[in-house]
Amino acid sequence: MRGGFVYKIFEDLIEMPVTVWSWFIKLDTGLKFAFITLVLTAIPVAVMACNFLLSRKKNKQDLTSDTLAEKLYDKLDQAQQSLQSKDEEIRGLKDAIEGLRDLEEQSETAKLAADAEKQLQEGNTDLAKALFRQVAQNSVKKGKEVAATEFEKAAQAYRRLGALAYLDNTHEALEAYQEAVKLDTQNADGWNSLGHILLRIGELDKAGEAYKRVLSIGESQTDTEIIAVAYGNLGVIRQTQGDLAGAEDFYRKSLKINEELGRKEGMANQYGNLGNIRQTQGDLAGAEDFYRKSLKINEELGRKEGMANQYGNLGIIRATQGDLAGAEDFYRKSLTINEELGRKEGMAADYGNLGVIRKTQGDLAGAEDFYRKSLKINEELGRKEGMAAAYGNLGNIRATQGDLAGAEDFYRKSLKINEELGCKEGMANLYGNLGIIRQTQGDLAGAEDFYRKSLKINEELGRKEGMAADYGNLGVIRKTQGDLAEAEDLWLKSLNLYKQIGAAPMIDKVQGWLDELTDAKGNK
């Protein structure tokens, strides 16, 4: 191909009118050969330059900002990757990439920006972040000396820096977004991104304040899409804090707007969130209905992250119902997608869920292996909620093995994190587990105290599964103390709740206790 191209250029030259070549004809033979040699030497250089420019243009066309943003997000090493914020994070990354390409068109930053994009395509964000930081600092300096509009440019550069830092450096992302909202207080994207990073590190109150700013900006600009996003994120805060009614209210507000706008991604997110509410309340049928609505939309849109989340949620439903094979099938589907996408948070959740399956089947070694995989990822991510869950699960392994001291150590690590996060559901679970430790040690008063703490929270949350477990445990205390009538009353409460949930394994277990109690009464 290259020879053909050279031949065509030379052919064009010799077909030019004779008048153009009159000066050449007058040259002596030596100069003619020198000129021809020079032309032939220059042609390959010109061809290489043309090919370089064409390939550069082609590469940019082939790898759009959307494609590169998706690629970077899918390789996220240190992120929540929650579906609630995924679309916003993709937009942030796309904006950063387009900003980098704008800098490639400016002579003073062209080479650095081109090198930064090349590294970015390989997953290295360092040069791009350094360039945006320099742009931000220069704009701040100009803003002080020339015009306040430069502050908005600086804020934009910090948001772009934050979007890239979110991939691999939580602290750097936090600082960048904090600078961005200082410089441009009315930018909803800046506040929203700040809320996400605060949520990641467990600063729920501060994250909530950031999302409220997003809501305020959306309302002042009458931007319903921003308002819908804010409602959804505020719902996540409420649910984490145990305010299920408040969470559902926000989710339904967000869902209503998304339905009006025809935003299917937003609808899928809120159906999933409402499913989580129903699951916590013990309404497994209602939860599954919402999860399947979400799954259907995600499948239609080809949103693999959403599909993985809903497969995981449906697995939890099956596990609660005692269908371990069905649960594992859903968890494996979720894990396959998360591994393909490199979604570490999703992988950690799937490993934890598969660990629960193994423990229920009596395979403690297999369970611990999954739990430790989950813990390792969550520690790498700095994801406190995931760490708390893994510590609690490892405590269950130790308790089953009879290592009560080791179990309590894990439970207390988990409890501390849940208390820091204000995660009431987690606190209730850990109080119940610590009660079992005390009961096993023969400290019935200490056990009852923990069970009562757990029951109080579960009643506040309306969490039927937790309440059923607490009533069951308190019934065991009463039976041990010889108060069979009270034990029977507590176990009947537990059985009724488990029946409402449809938790087959626990129904059988509690019914077995009641049958034994009836036999004991008959033998007296």
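The following legends describe close-up views of a predicted model.

Local features are reported at pLDDT of at least 70 and side-chain atom pairs only at pLDDT 80 or more, whereas totals for chains, interfaces and linings use all residues. Residues are numbered from 1 along each chain as its sequence is written, and side-chain values use heavy atoms, with hydrogens and water left out.

View A. Residues 308–341 are 91% helix and 0% strand, with end C-alpha atoms 10 Å apart. For residues 428–461, the end C-alpha atoms lie 10 Å apart and the span is 91% helix and 0% strand. Helices (H or I, at least four residues) and strands (E, at least two) are DSSP runs, numbered from the N terminus.

**View B. Helix α8, residues 149–165.** The 17 residues of α8 reach 25 Å from first to last C-alpha, close to the 24 Å expected at 1.5 Å a residue, where the expected span is 1.5 Å times one less than the number of residues. Since 12 of the 17 residues are buried, α8 is largely enclosed by the rest of the structure. Buried means under 20% relative accessible area (1.4 Å probe, protein chains only). Among the buried residues of α8 are Glu150, Tyr158, Arg159 and Arg160.

**View C. Packing of α22 (residues 424–440) and α23 (residues 444–461).** The axes, which are lines fitted to C-alpha atoms over the stretch in contact, with angles from 0 to 180 degrees between N-to-C directions, lie 8 Å apart at an angle of about 160 degrees. The two helices are therefore roughly antiparallel (over 145 degrees). Contributors to the contact (heavy atoms within 4.5 Å) include Tyr431 and Leu434 of α22 and Phe450 and Ile457 of α23.

**View D. Packing of α18 (residues 344–360) and α20 (residues 384–400).** These helices pack at about 15 degrees, with axes 11 Å apart. That angle makes α18 roughly parallel to α20 (under 35 degrees). The contact is made by Gly352, Val356 and Lys359 of α18 with Asn393, Asn396, Ile397 and Thr400 of α20.

View E. Phe250 counts as buried, at 13% relative accessibility. Leaving aside neighbours within four places in sequence, Phe250 is in contact with Tyr231, Leu234, Gly235 and Arg238. The C-alpha atoms of Phe250 and Gly232 are separated by 6.1 Å, although these residues are 18 apart along the chain.

Conventions: Buried < 20%, exposed > 50% of the residue type's maximum accessible area, 1.4 Å probe, protein only. Parallel < 35°, antiparallel > 145°, perpendicular 65-115°, else oblique.
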